[in-house]
Amino acid sequence: MKIWFVLFLLLPLLGCLYVGWHVWKMLPLMLVFKAAVIVVMALCFLCLFACFLIGADRMPMPVTTVVYQVGTSSLMILLYLVMLFLILDIGRALRLVPASFLNGSLWGSVTVAAVMVAIFTYGNIHYYNKVRQPVRLKTQKPLRKPITIVLMSDMHLGYHNRKADLTKWVDMINAEHPDLVLIGGDIVDVSVRPLLMENMASEFRRIKAPVYACLGNHDYFAGEPDSKRFFDEAGIVLLRDSSVTLFGQLTVIGRDDRTNSRREALSRLTGKADMTRFSILLDHQPYQLGQAQKAGIDFQFSGHTHYGQVWPINWIEDAIYEDAFGPLQKGHTYYYVSSGIGIWGGKFRIGTRSEYVVLTLTNQ
């Protein structure tokens, strides 16, 4: 069993025990009511595993939607409860927080509840504030006219990001009047079922520009053949270890996701592409960024990281990736790693942002 899977199970369990013990001590309630609160909290957290154990597509759509959103949200709430109780425990050890605040305390219970409600209300509101990130690049390679490209990643359409969300995103895309739309993977979250039931393909077909995309790891999780069939229905051209020359002046290369261990080397892809044109690489996961520089790529667009979604997970992302979020330049190659327009799980952004990129390409 891989160590990451063991940690995925063990750390949340330890967090649940730690938080449950503190909640039990803090609540100024009779034992039966304390027990009821603990049971409800446990059931909310168990929802996280229900979709995996039962199967998301085996439950009725409304049930899966609730179970998925409650379960994934509870994981983020658990993280912040652990941090909050750690702060209180440290404060108590330093005699800054009275012991009575943590034992049978109405004020302690109300304070913890109010802090959590405030944090996650902000996080939910902030998630819906989509940031338009402009990027301007100049090239010496031939361009007949400036090109405007909208780039998105990590839509994670499914049981939480629904058709109403996609409608707003498509409206934002069309408002830019782009020449081209590029999607850097993870269009689908965990299943194509909700995309088909809500006919999300019709929303993609409203985009008034050609749409090209590469695969992400979640597109594989949802079933790569099913994801590909949805892309075909939606009018999305999938670049899977392949390239295309557009407008006679732009080369777009799409790498298969690194989930496929047999994907082609980038050097082979560039060897088959027209590199005399300005080249854009779509590669979902931003590992080994130096490969693009060595291959002569002009601009690489990636996603995947979500920049951690909530603080302080973004600190971990910064430790893992050379560029976990934002722009980077290596030699003559420019990079942009997006935190994503959508999100996995609970709809909260704390210390990070949801965004889309508007790239303007001009001659020097």
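Predicted model: local features only at pLDDT ≥ 70, side-chain atom pairs only at ≥ 80, totals over all residues.
Helix α3 spans residues 61–93, which makes 33 residues in total. From its first C-alpha to its last, α3 reaches 48 Å, close to the 48 Å expected at 1.5 Å a residue. After α3 comes Arg95, a residue with a positive phi, near 60°. Helix α2 covers residues 31–55 and contains Phe52. Is Phe52 buried or exposed? Its relative accessible area is 60%, and since the cut-off for exposed is over 50%, Phe52 is exposed. Phe52 and Tyr68 are 16 residues apart along the chain, and their C-alpha atoms are separated by 9.9 Å.

The loop between α3 and α4 (106–127) holds Ser105. With a relative accessibility of 8%, Ser105 counts as buried, because buried means under 20%. Two backbone nitrogens are reached by the side chain of Ser105: that of Trp107 at 3.5 Å and that of Gly108 at 2.8 Å. Leaving aside residues up to four places away in sequence, Ser105 touches Met26, Pro28 and Ser100.

Attention now turns to the nonpolar interior. In soluble globular proteins, nonpolar side chains tend to be buried together. In this model the largest nonpolar core has 35 residues, of which Met155, Leu157, Trp169, Ile187 and Phe204 touch the most other members. Both helices and strands give two or more residues to this core: the helices are α5 (163–175), α7 (201–204) and α9 (224–234), and the strands are β2 (147–152), β3 (180–183), β4 (211–213) and β12 (354–363). Which element gives the most? That is α5, with five residues.

Strands of a sheet pair through backbone hydrogen bonds, either parallel or antiparallel. Here six strands form an open sheet with mixed pairing, in the order β6-β7-β8-β9-β11-β10. At its edges lie β6 (242–246) and β10 (326–330), each of which pairs on one side only. From one strand to the next, the twist averages 20°. Within the sheet, β9 (residues 299–302) and β11 (residues 333–337) run parallel and are joined by four bridges. Phe301 stands opposite Tyr336 of β11.

Ser242 lies in β6. How accessible is this residue, and what does Ser242 count as? At 26% relative accessibility, Ser242 counts as partly exposed, because that class falls between the 20% limit for buried and the 50% limit for exposed. A polar atom of the Ser242 side chain lies 3.1 Å from the backbone nitrogen of Arg240. Beyond residues up to four places away in sequence, Ser242 touches Val252, Ile253, Gly254 and Leu269. Between Ser242 and Gly123 there are 38 Å in space, C-alpha to C-alpha, and the two are 119 residues apart in sequence.

Methods: Residues numbered from 1 in each chain as written. Heavy atoms only, no water. Pairing = 2+ DSSP bridges. Axes fitted to C-alpha atoms, helices over the stretch in contact; angles between N-to-C directions. Core = buried A, V, L, I, M, F, W, Y, C linked by side-chain atoms within 4.5 Å. Buried < 20%, exposed > 50% of the residue type's maximum accessible area, 1.4 Å probe, protein only. Expected span 1.5 Å × (residues − 1). Polar contact = N/O pair within 3.5 Å; in protein donor to acceptor, adjacent residues only side chain to side chain. Contact = heavy atoms within 4.5 Å.
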